[in-house]
Amino acid sequence: MSARVLHLADLHLDSAYGGRPATRSALRRATLEALDRAFAFAVDEGLDAVVVAGDAFDDAGLGHECRTRLRTGVAALARAGVHFVYATGNHDPGGPGAEARRLGLERLGSAARERVHVALDGRAQRFVLPRDGRDALEVSAVGHEHARVTDDLSARLRGWTRDDLPRLAVLHTQVGAARGADDHAPYAPSSRDSLARIGAHYLALGHVHVRGRVDPGLQAWYPGNLQGRSARESGPKGGLLVELDADGVLQDPRFVPFAGVEHRTVDLGFADEEARGADDVLHAAARALHVLPEPIHAPALVLRARVSGRLAPSLERDLADRSARAALEDTVRDELTAAGAAGELLEVELGLGSRALPASEDALLDALLASPSAAREALELARAIELGAEAADGLALDGSLPASTDAGERRRRIAELAPGLQAEVLRRISGADGAEPGR
């Protein structure tokens, strides 16, 4: 017998969202609507189970609306005969007194008692999920007891009771080799080999927000998060539809988009002709939207554009000035929307990207790098940060982040600020921004 499962992770209900106030409000609604769509899809498709591999919500401040929406959705799944499996993560740990325990998902009625299965803490839980009077799937799951689990929880998932059923394991973990793993703190770290030793036909993972397979030889997948929250979580977002039987996964999981808003980042480089104003930026943005590597699935879009290359001084000043840049962003957004370039365009964010330095600045750069100096140290650090945000680890670069912020979140914030940093440092050193050189 085969089983069909929808694999979700990192819902992050009641999260903090990026962008202007209207965009943040739209993203909050979009997250709840994405959850509704995912659950409705599971019911419509007659799936055996929906699996959430951790971080169902963002923290203990989960609000009433999000709590109610989650409980209502889980109850609807159970009534429709769809099992719900939930293992906690670092944002929604399930130790004594934790918010995850107060959800009471397993106490939603008689249907929930039979079809809602939770792994709240570090104790492995095993469930055999029936369908139509027959056992259809064996699940092994383990959650996070607290917010900073550093043990490899994967070893607790080994050992199965049935050889005649598909086997699925659920775990919120950082696999260091996975694409995007460096952006997340190494909670409950595991490796390709430790996951393979579990003996599962499919490993439903959470924690890394980039959709992908951990290793070509292992059916261990991250679905990515349900709804992108900022430009750092760009592209289509949703879940993975998995079909497996007692011999393993029948085919690679199929991505199903559920997000109502997508974030996309494009580079608008002006190499041949100088960009003079809004029209040039607008036309470049429209062209970039037509050649995106992945199609836009969501009805609404937040676009981030890095503008670089040959820029007229007036345009560069506008991009550097907050109020002038906001007006330019609104113009580009309105014109792209009127042209039907990207459905509902919630927001356009423009920023200065790296640019080729004029010959005079090249000469200045050579001079500054020729001998040890504070200026050279600043330039080298700026370059290192542009190439990788981890170069800023240990530096107090952003006072808006609390001291308790983990390394992954620090790097995400710094990476958003990094493009064009070396050129900006050089301009400040040279006095090109109007400041006295060297100040």
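The expected span of a helix is taken as 1.5 Å times one less than its number of residues. Helices (H or I, at least four residues) and strands (E, at least two) are DSSP runs, numbered from the N terminus. Keep in mind that this is a predicted model, where local features need pLDDT of at least 70, side-chain atom pairs count only at pLDDT 80 or more, and totals for chains, interfaces and linings use all residues. Residues are numbered from 1 along each chain as its sequence is written, and side-chain values use heavy atoms, with hydrogens and water left out.

**The whole protein**

- The protein has 12 helices and 16 strands.
- Of its 439 residues, 52% are buried; buried means under 20% relative accessible area, exposed over 50%, and partly exposed in between (1.4 Å probe, protein chains only).
- Among contacts with a separation of 6 or more, 70% are between residues 24 or more positions apart, where a contact means heavy atoms within 4.5 Å.

**How confident is the prediction?**

- The mean pLDDT is 86, and 81% of the residues reach 70 or more; pLDDT is the predictor's confidence in each residue, from 0 to 100.
- Residues 355–361 have a pLDDT below 50, and beyond near neighbours in sequence this stretch has 11 contacts in the model.
- Residues 432–439 also have a pLDDT below 50, with 12 contacts in the model beyond near neighbours in sequence.
- Where pLDDT is low, the predicted coordinates should not be read in detail.

**Helix H1 and its surroundings**

- The buried residues of H1 include Ala26, Leu27, Ala30, Leu35, Phe39 and Phe41.
- After H1 comes Gly46, which has a positive phi near 65°.
- Arg28 and Asp14 join their side chains in a salt bridge (2.9 Å, N to O); the term stands for a side-chain nitrogen of Lys or Arg within 4 Å of a carboxyl oxygen of Asp or Glu.
- This pair links distant parts of the chain, with Arg28 in H1 (residues 21–44) and Asp14 in the loop between strand E1 (3–8) and H1, 14 residues apart.
- Arg28 is partly exposed at 28% relative accessible area, whereas Asp14 is buried at 18%.

- The structure holds 30 salt bridges.
- One of them brings together the side chains of Asp330 and Arg20 (2.7 Å, N to O).
- A network of salt bridges links Arg20, Arg325, Glu329, Asp330, Arg333 and Asp334.

**Helix H8 from end to end**

- With 17 residues, H8 reaches 24 Å from its first C-alpha to its last, close to the 24 Å expected at 1.5 Å a residue.
- Which residues of H8 are buried? They are Leu328, Glu329, Val332 and Leu336.
- These four cover an arc of only 105° around the axis, which puts them on the same side of H8; the arc is that of the directions from the helix axis to the C-beta atoms.
- Covering the buried residues of H8 are, among others, helix H6 (278–290), strand E15 (300–311), helix H7 (313–320) and strand E16 (344–352).
- On the face turned away from the buried side, H8 carries the exposed residues Ser323 and Ala338.
- Just after H8, Gly340 has a positive phi of about 70°.

**Strands and their partners**

- Strands E2 (residues 49–53) and E3 run parallel and are joined by five bridges; two strands pair if DSSP finds at least two bridges between them.
- In this pairing, Val50 stands opposite Phe84 in E3.
- E3 (residues 83–87) has five of its five residues buried, with His83, Val85 and Ala87 on one side and Phe84 and Tyr86 on the other.
- Strand E5 (residues 125–131) pairs with strand E6 (residues 134–142) in the antiparallel sense over seven bridges, and Val128 stands opposite Glu138 in E6.
- The hairpin of E5 and E6 has two residues between the strands, and Asp132 there takes a positive phi near 50°.
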